Amino acid sequence: MPTRHDVEDMTAVDTFSSHTPMMQQYWRVKAEHPDKLVFYRMGDFYELFYGDAERASRILDITLTARGQSAGAPIPMAGVPYHAIEQHLARLMKHGESVVIVEQFGDPATAKGPLERKVARIVTPGTLTEANLLEPKRDCVLASIVTAKTRSGIAWMSLASGRLLLTEVSAIEAAATLERIEPAELLSPEDAIPPMVRGLAPPIRTLPAWHFDYAAAERALAKQFGTRDLTPFGAQDVPLGVAAAGALLVYASATQQSSLAHVREMFVETASEFVALDPATRRNLEITATLSGAESPTLFSLLDNCTTAAGSRLLRHWLNHPLRDRQRASARHDAIDALLARAAERRAVAASLRHTIDVERVVSRIALANARPRDLAGLRDTLAVLPALRSAIAAFDPPLLGALAADLAIDPSWHAVLSRSIRPEPAAQLRDGGVIADDYDAELDELRAIDTHCGEFVIDLERRERERTGIGNLKVEYNRVHGFYIEVTNANVERIPADYRRRQTLKNAERYVTPELKSFEDKALSAQERALARERLLFESLLAELVSAIPGLQRAASALATLDVLVDLAERAEALSLTRPLFSDDVGIAIEGGRHLVVERQVDDFIPNDVTLSRVRRLLIVTGPNMGGKSTYMRQTAVIALLACCGSFVPAKLATLGPLDAIYTRIGAADDLAGGRSTFMVEMTEAAYILNRATPQSLVLIDEIGRGTSTFDGLALAWAIAHRLAEKNRSLVLFATHYFELTALPAEIDGCANVHFDAVEHKDGIVFLHAVAEGPANRSYGLQVARLAGVPAETIRHARTYLARLDQFSARSKDQHDLFAAPAPVNAASGDPRAQALLDHVTALDPDALTPRDAHAALYAIKRLIE
């Protein structure tokens with residue numbers, strides 16, 4: 001029966017005060033971890049005290065009790081059973097909490113004084129490695145940032161994979177970099193949290209500033225990687241990144257209470273490595289989340305048909321990190337091409353992948369010595385599949401597949417070790433026993449035999465002793481008071497052998513024990529406990545032995561994930577009618593029959609469209625009705641470019657892309673109430689971000705800019721932004737607008753052209769054609785769209801009447817053909833007497849001599865002249 005506390009602690013709880021030895025142990029731990037919840041093992045429960053108990057009871061919905069006294073008040077207390085802690089940890093991690101697990105050591109029945117307790121592990125949102133705490137298809141990333149003047153160093157690592165990366169960026173780019181990384185936890189120097197990251201989602205953990213010391217970080221990292229310095233990693237030019245990485249490494253090691261054997265190398269990320277995607281672009285293209293925050297339908301949810309969780313995580317990474325290196329992207333295209341061409345072999349590879357486990361995460365748990373029995377059983381079964389996988393992909397020619405086959409080559413002795421040591425179906429938990437295979441360890445086999453075959457041993461010993469002594473009624477028996485014994489009647493006492501030792505005297509018999517029986521008794525009475533301890537020792541030894549296999553296993557894990565993604569992209573290319581994109585050295589994008597993968601799955605008939613952007617056709621002004629397809633047209637162009645750079649096939653009949661360094665978008669309208677920014681301010685901030693960064697190799701999408709202010713202000717800004725993008729940035733731009741005045745831009749800007757989407761009215765309805773055509777649109781069809789949206793008919797009629805008045809006013813304003821032309825001077829000689837009278841009146845006024853009352857009267861006079 002589980003007990004709430006062991007004996008020594010129950011007494012302490014009943015006489016609770018902060019001065020008991022047990023609570024002194026607690027306070028020592030709490031003093032070292034004041035910002036974390038301390039789970040303090042007491043018997044079969046983990047207890048929390050004081051503020052920790054109150055906080056945990058709210059989050060976990062567990063009972064808050066009170067025991068004893070502290071400063072005259074009851075001590076708040078809450079607890080959870082030790083076997084249910086994982087589910088509670090999962091909830092706490094989702095709330096951004098960190099937890100210290102304090103375990104007890106020793107036997108409460110034999111301990112004198114308080115049991116020894118110490119911190120066994122620290123669990124934080126960014127340092128998770130346990131399978132039941134991790135999301136299978138998402139990396140759990142721990143990040144660190146340190147800022148000096150205008151530069152920020154950022155380091156990040158997924159402890160579940162052991163991959164450590166770092167970079168150095170301008171301070172204003174730090175928030176965008178962190179949004180791309182999506183850390184679950186962020187480390188920062190205390191009293192120096194960069195302002196630009198304060199509003200980000202992950203919990204921020206502050207550390208003393210000396211944790212970010214460059215010299216200490218360099219020593220810690222060099223020691224971790226076994227190098228003299230960090231030159232082999234190219235980190236000499238990113239000192240702030242090194243400082244951040246050092247703090248991250250020390251923090252991660254402390255949480256695991258061990259070294260990080262699986263963190264074997266470090267990668268310096270440079271801005272030129274990937275096509276830049278700012279946070280707005282990631283949201284607008286709905287790569288991994290919809291605009292409302294849902295996980296589907298998105299580009300990732302549509303493409304992710306991976307067999308393994310590691311493959312899904314890698315696909316997510318690829319989609320968020322499109323490559324600028326076109327050779328690497330083309331290598332992926334080559335592999336997909338080959339897998340498409342040989343469907344039977346591809347399906348065989350996919351079938352083999354289904355028998356593999358998440359090797360990447362299992363390796364990390366081996367390195368941290370917290371792997372579970374079924375982790376090793378799964379690893380054993382995966383190693384058994386690798387030879388067949390290698391044979392299956394060896395038939396393909398592309399170099400990338402050949403490299404993957406080489407990385408899957410693992411020393412077969414590791415499979416032999418695991419096959420020999422782990423049972424085919426081991427228990428889920430080591431504490432349950434039944435993990436180590438039979439015939440692996442003679443001592444364990446003996447202990448198990450004692451435990452499971454105790455009765456057989458007694459019968460066999462009784463038979464042998466009867467034969468040895470000739471006493472036919474000799475008995476071997478057991479009771480709870482005296483244990484095992486041999487009983488001989490008084491009539492046969494003279495016949496007992498010399499090695500019999502008297503244990504008990506009865507009225508008609510004597511009870512004895514022999515050295516063999518005593519040895520068996522010692523083993524039998526503790527066989528199960530000793531078998532569990534022996535299994536634990538053997539399992540831990542096996543984990544220590546496997547540490548030397550980590551480098552090869554990590555290469556195999558990476559190869560399995562990459563192979564899974566390539567097979568998945570080949571299958572998706574076949575199922576979704578995707579084609580291989582082409583790369584060109586000339587700047588531009590040419591797409592024939594382009595489609596939007598996600599949108600076409602939501603509609604019955606999707607209309608493909610072409611787009612051409614080049615050196616001589618850089619800016620396309622896109623006009624047409626609302627819901628006509630402008631936004632989809634622009635987004636699909638960006639998605640096709642993104643997929644091509646990721647190494648995927650694309651939804652188009654033909655797609656050719658030149659060099660691309662970034663994709664920027666300014667789409668949609670949303671305010672930032674928490675940041676105190678209006679819709680228009682957000683719009684202008686995003687526009688400024690693009691104008692200050694876009695290059696001739698950038699793809700820029702601008703949709704409906706200028707709507708959040710007055711019509712003329714918005715039109716003027718849209719006109720100026722279009723001019724700058726075409727003439728200064730010289731980027732590849734799709735510029736959607738309802739300002740028809742902007743359709744005159746091709747006459748002003750070289751390389752600018754009009755394209756439009758049209759619609760036709762049918763009876764009282766409207767039909768959107770969704771097909772792009774050259775030239776400007778002639779109508780917006782706003783009232784028709786309003787009717788479709790359900791605006792009351794009376795309101796539509798009023799709007800139509802007012803629109804007619806506006807059209808008449810516009811028709812009378814014949815002098816204003818070009819809003820952006822220089823204003824014409826007033827011509828009093830035109831023959832209009834009102835113009836002359838107005839001019840004479842205004843000219844005669846002396847503003848400096850007018851009193852407020854005179855000015856008021858003058859305004860009325862001007863008004864009468866105009867009327």
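Which element gives the largest share of the lining of the second largest pocket? Helix 20 does, with eight residues.

This is a predicted model, in which local features need pLDDT of at least 70 and side-chain atom pairs count only at pLDDT 80 or more, while totals for chains, interfaces and linings use all residues. Residues are numbered from 1 along each chain as its sequence is written, and side-chain values use heavy atoms, with hydrogens and water left out.

On a 1 Å grid over the protein atoms alone, a cavity is a set of points where a 1.4 Å probe fits but cannot get out; a pocket is an open set with protein on both sides within 12 Å along at least five of seven lines, and lining residues have an atom within 4 Å of a point. Grid points are joined across faces, edges and corners, and a volume is the space filled by probe spheres set on the points. By this rule there are two cavities of 30 Å³ or more.

| Space | Volume |
|---|---|
| Largest cavity | about 60 Å³ |
| Second largest cavity | about 40 Å³ |
| Second largest pocket | about 1900 Å³ |

The second largest pocket is lined by 47 residues, and Arg41, Glu103, Leu430, Arg431 and Arg536 lie nearest its centre. Elements giving two or more residues to this lining include helix 4 (85-94), strand 5 (99-105) and helix 20 (527-546); helices (H or I, at least four residues) and strands (E, at least two) are DSSP runs, numbered from the N terminus.

Residues lining the largest cavity include Thr308, Asp358 and Leu560. Helix 21 gives the most to this lining, with three residues. The second largest cavity is lined by residues including Leu285, Glu286 and His596.
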